[in-house]
Amino acid sequence: MEYLEFELPIKELEDVLAEKDAAVKDLKKNISGALLGFTAEDLTVEQKNGKVYVSMSNQLMFKSGSYSVDQKGVDALSKLANVLKEQTDLDIV
């Protein structure tokens with residue numbers, strides 16, 4: 001009888017984890033799609049440990065010797081922001 005008592009909570013946890021994993025995969029797909037015009041040297045989108053990481057190169061973000069964000073960097077950040085603001089069910093850090 002004790003086994004059956006634990007079976008339902010475990011199934012509920014598995015369902016929650018599966019939903020979270022699907023949401024993270026969907027986020028990665030949406031980010032990758034939005035940033036499709038950029039090269040792999042300019043930025044990367046990776047999924048690790050249930051999180052999506054976006055890395056942008058210095059060359060994409062800044063002209064050499066400048067501290068102002070370049071227009072290409074502004075475009076990339078704008079596209080990323082548009083995808084992220086649609087993700088109301090995920091925590092964005």
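Here is a short briefing on the fold, the largest pocket and a few residues of this protein.

This is a predicted model, in which local features need pLDDT of at least 70, side-chain atom pairs count only at pLDDT 80 or more, and totals for chains, interfaces and linings use all residues. Residues are numbered from 1 along each chain as its sequence is written, and side-chain values use heavy atoms, with hydrogens and water left out.

**Overall shape**
- Along the sequence, the elements run α-β-β-α-α; helices (H or I, at least four residues) and strands (E, at least two) are DSSP runs, numbered from the N terminus.
- Taken along the principal axes, the C-alpha atoms fill a box of roughly 70 × 20 × 20 Å.
- Of the 93 residues, 20% are buried (buried means under 20% relative accessible area, exposed over 50%, partly exposed in between, with a 1.4 Å probe and protein chains only).

**The largest pocket**
- The largest pocket holds about 440 Å³ of space, and of its 16 lining residues, Lys-51, Val-52, Asp-91, Ile-92 and Val-93 are the closest to its centre.
- On a 1 Å grid over the protein atoms alone, a pocket is an open set of points where a 1.4 Å probe fits, with protein on both sides within 12 Å along at least five of seven lines; lining residues have an atom within 4 Å of a point.
- Grid points are joined across faces, edges and corners, and the volume is the space filled by probe spheres set on the points.
- At least two lining residues come from each of α1 (2-34), β2 (51-56) and α3 (71-85).
- The lining comprises eleven nonpolar, one polar and four charged residues (Ala, Val, Leu, Ile, Met, Phe, Trp, Tyr, Cys and Pro count as nonpolar, Asp, Glu, Lys and Arg as charged, and the others, Gly among them, as polar).

**Residues to look at**
- The charged end of Lys-48 sits over the ring of Tyr-53, 5.1 Å from its centre (NZ of Lys or CZ of Arg must be within 6 Å of the ring centre and within 35 degrees of the ring normal).
- Asn-49, in the loop between β1 (43-48) and β2, has a positive phi near 50° although this residue is not glycine.
- Asn-49 is exposed, with a relative accessible area of 75%.
- Asp-26 belongs to helix α1 and is partly exposed at 37% relative accessible area.
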